[in-house]
Amino acid sequence: MTHLETSHLVRRLQLLQRRLCEMANDLGNLTDPEIVAVSEEADRLIIQLQRLRKEEAEYRKMSNHTCNVSMLATSKLAEEIGQQERAFFVKHS
């Protein structure tokens with residue numbers, strides 16, 4: 001999911017939170033079925049956002065790991081090339 005989609009979910013969640021506050025003030029009963037329904041919808045969005053953020057963190061972790069492995073392989077390759085180049089300069093008598 002893209003950053004734009006995540007931002008959209010956050011905005012929806014903020015709207016639901018405001019709506020819940022207004023409903024609680026108007027109805028005065030937090031167990032009112034309307035309030036419970038909006039609260040459950042907010043809970044679903046929160047869970048969805050948490051999953052997205054977890055997936056993004058795992059993706060970044062994998063990307064960093066791949067980058068680090070690639071950098072190590074490149075570093076090792078350069079070291080091997082350096083050793084090979086030095087071997088060309090060794091004179092045998």
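Contact here means heavy atoms within 4.5 Å.

**Ground rules.** I am working on a predicted model, in which local features need pLDDT of at least 70, side-chain atom pairs count only at pLDDT 80 or more, and totals for chains, interfaces and linings use all residues. Residues are numbered from 1 along each chain as its sequence is written, and side-chain values use heavy atoms, with hydrogens and water left out.

**Confidence.** I checked pLDDT, the predictor's confidence in each residue on a scale from 0 to 100. The protein averages 77, and 67% of the residues score at least 70. Then I went to the stretch 77-93, where pLDDT stays under 50. For those residues the model has 0 contacts beyond four places in sequence.

**Layout.** I counted 2 helices and 0 strands. Both kinds of element are DSSP runs numbered from the N terminus, helices being H or I with at least four residues and strands E with at least two. The helices that matter for my notes are α1 (3-27) and α2 (33-88).

**Burial.** My cut-offs are under 20% relative accessible area for buried, over 50% for exposed and partly exposed in between, with a 1.4 Å probe and protein chains only. By that rule 15% of the 93 residues count as buried.

**The core.** What did I find for the largest nonpolar core? I take such a core as a set of buried Ala, Val, Leu, Ile, Met, Phe, Trp, Tyr and Cys residues joined through side-chain atoms within 4.5 Å. The largest one has 11 residues, including Leu9, Leu20, Met23, Val38 and Leu52. Helices α1 and α2 are the elements that give two or more residues to this core, and α2 supplies the largest share, 6 residues.

Leu16 touches Val38, Glu41, Ala42 and Leu45, leaving aside residues up to four places away in sequence. Ile35 sits in helix α2 and is buried, at a relative accessible area of 5%.

**Ala37.** This residue also lies in helix α2, but Ala37 is partly exposed, with a relative accessible area of 39%. Ala37 and Leu20 are 17 residues apart in sequence and 9.9 Å apart in space, C-alpha to C-alpha.

**The salt bridge.** I require a side-chain nitrogen of Lys or Arg within 4 Å of a carboxyl oxygen of Asp or Glu. The structure holds 1. Which side chains meet in this salt bridge? They are those of Glu41 and Arg12, at 3.9 Å, N to O. Glu41 lies in helix α2 and Arg12 in helix α1, so the pair ties together parts that are 29 residues apart in sequence. Glu41 counts as partly exposed at 28% relative accessibility, and Arg12 is partly exposed with a relative accessible area of 34%.

Arg12 touches Glu41 and Leu45, not counting residues up to four places away in sequence. The C-alpha atoms of Arg12 and Leu45 are separated by 8.1 Å, with the two residues 33 apart along the chain.

**Asp32.** Last, the loop between α1 and α2, where I found Asp32. Asp32 is buried yet has no salt bridge. For charge I count Lys and Arg as positive and Asp and Glu as negative, leaving out His and the chain ends. The nearest side chain of opposite charge to Asp32 is Arg19, 9.6 Å away. What I did find is a polar atom of the Asp32 side chain 2.8 Å from the backbone nitrogen of Glu34.

Definitions and conventions
A polar contact is a pair of N or O atoms within 3.5 Å; within protein, one must be able to donate a hydrogen and the other to accept it, and residues adjacent in sequence count only if both atoms are side-chain atoms.
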